[in-house]
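I hope they are handy when you open the coordinates.

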Amino acid sequence: MTENKRRKVMEWLLEQIRKGSFAEGKRIPSKYDLAERFQVNKMTANSAVEELVVRGYLERRARGGGTVVCPHASRFRGTIAVFMGDLSVSYYSSLLIGIQEGAQAYGYNTLIYPRLVNNDADETIRFLKMGGVSGVLVANFYHLPELDLPVLWIDKNRLPAVCGEFNHLMHNDELGGQMLASHLYELGHRKIIYISQHAGNLARRYDGFRTELEKHGVSPLTHESYYRSGLPPREFLRRLLKRFPEATAIACDGDNIAFEFYWTLKEMGIQIPKDLSLTGFSGFPEVQRLIKLTTVDEHPHRIGFYAAELLISILERQIAEPVREMFDVEFINGATTAPPRAV
């Protein structure tokens, strides 16, 4: 009951700030006035004010200055928590920048969580409440605690282990796979090896690739899982090409392994694309700067911005849950594919 009273005071204060009834830099009603207005005790009123101080809407002034509205508070609409596991990969750092820019454009702050707080679900939930989080975006994160908040998952390779409907923004991986398969087929490739990073992950990319080839009566020579093999790249490729010496192209479901294979094949004396064509998937800028890989660009900055827009639309009740959106990808014709070598 006390929590409901505290939230009622807090929501009224937020409404007045956003309407401009309490101007920036001006004092808000005292805890005594709030307690009288809402028929609550002073501790409850003070707790509601303190939460808005923590959220950045209000600040307490020293020497009897009271509590005043912070600058830009009327444009500050809430806070989004972003759970993202690995920012060392350029895809995720670009995705995060897009999320932050999208949130800021609509007056929302962002809190970044690369892991659970002290690896504890309950403590993480307490931190989210303290930060006044209104909604959550998740990317490359597999152990999210159960939250009583709107959550939008961004392009999970493994779907979340949750029951029922959930909000999901996905890259159109199947379209990307189709684009790469169509490109290789049009170049004249019929003997193609497909390599995944992990078995089962990113399956939509392979589904699109295989389906497009099958339209032309062609199937991949094989579908292999690189990391599952446990082999170093040179030995993995040596064994693979010994099994399939007729291969004219290798399609990878990630730029990271395509980049690794490019240099390994070069060390083995195999020229790309003269002897063997090679494709990736994701459009990592650090890879493109070095080898101009033929790939599919997922535009992480743009999908991050759009993810923030989608979540805010849910929070502000402009669209209803559940949300299932598909985000288009773009084919990049690089320097690692060419017509197959003459036999």
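Where is the place of Pro322? Pro322 sits in the loop that joins helix 12 to strand 13 (324-327). Please keep in mind throughout that this is a predicted model.

1. Let me stay with Pro322 for a moment. The peptide bond that leads from Glu321 into Pro322 is cis, and its omega is near -5°. In general, most peptide bonds are trans.

2. There is another cis bond to look at, from Ile272 to Pro273, where omega is near 5°. Pro273 belongs to the loop between helix 10 (255-267) and strand 11 (277-279).

3. One more backbone point concerns Asn140. Its phi is near 55°, which is a positive value in a residue other than glycine. Asn140 is found in the loop running between strand 5 and strand 6 (151-154). As background, most residues other than glycine have a negative phi.

4. Helix 4 (residues 90-105) packs on helix 12 at an angle of about 40°, and the axes are 6 Å apart. That angle makes helix 4 oblique to helix 12. The crossing of the pair is right-handed. On the helix 4 side, the contact is made by Tyr91, Ser94, Leu95, Ile97, Gly98, Ile99, Glu101, Gly102, Ala103 and Ala105. Helix 12 answers with Pro300, His301, Ile303, Gly304, Phe305, Ala308 and Ile312. Sorted by class, the contact of helix 4 with helix 12 holds eleven nonpolar residues, five polar and one charged.

5. Helix 6 (residues 173-187) and helix 7 (residues 203-214) also form a packed pair, with an angle of about 40° and axes 7 Å apart. Helix 6 is therefore oblique to helix 7. Their crossing is right-handed. Helix 6 contributes Asp173, Glu174, Gly177, Gln178, Leu180, Ala181, Ser182, Leu184 and Tyr185 to the contact, while helix 7 contributes Arg204, Arg205, Gly208, Phe209, Glu212 and Leu213. The contact of helix 6 with helix 7 has six nonpolar, four polar and five charged residues.

6. How are helix 2 and helix 3 placed relative to each other, roughly parallel or roughly perpendicular? The angle between helix 2 (residues 31-38) and helix 3 (residues 42-55) is about 110°, with 8 Å between their axes. Angles of 65 to 115 degrees count as roughly perpendicular, so helix 2 and helix 3 are roughly perpendicular to each other. This crossing of helix 2 and helix 3 is right-handed. Lys31, Tyr32, Leu34 and Ala35 from helix 2 meet Lys42, Ala45, Asn46 and Val49 from helix 3. In this contact of helix 2 with helix 3 there are five nonpolar residues, one polar and two charged.

7. The largest pocket holds about 960 Å³. Its lining is made of 30 residues, and those nearest the centre are Arg7, Glu11, Val133, Ser134 and Leu149. Which helix gives the most to the lining of the largest pocket? That is helix 1, with seven residues. At least two lining residues come from each of helix 1 (2-19), helix 3, helix 5 (121-130), strand 5 (133-139) and helix 12 (300-315). By class, the lining of the largest pocket comprises 14 nonpolar, three polar and 13 charged residues.

Conventions
Residues numbered from 1 in each chain as written. Predicted model: local features only at pLDDT ≥ 70, side-chain atom pairs only at ≥ 80, totals over all residues. Heavy atoms only, no water. Axes fitted to C-alpha atoms, helices over the stretch in contact; angles between N-to-C directions. Helix = DSSP H or I, 4+ residues; strand = E, 2+ residues; numbered from the N terminus. Parallel < 35°, antiparallel > 145°, perpendicular 65-115°, else oblique. Left-handed = near helix turned anticlockwise from the far one by under 90°. Contact = heavy atoms within 4.5 Å. Nonpolar A, V, L, I, M, F, W, Y, C, P; charged D, E, K, R; others polar. 1 Å grid on protein atoms, 1.4 Å probe; cavity = no way out; pocket = protein on both sides within 12 Å on 5 of 7 lines; lining within 4 Å. Points joined across faces, edges and corners; volume = space filled by probe spheres on them.
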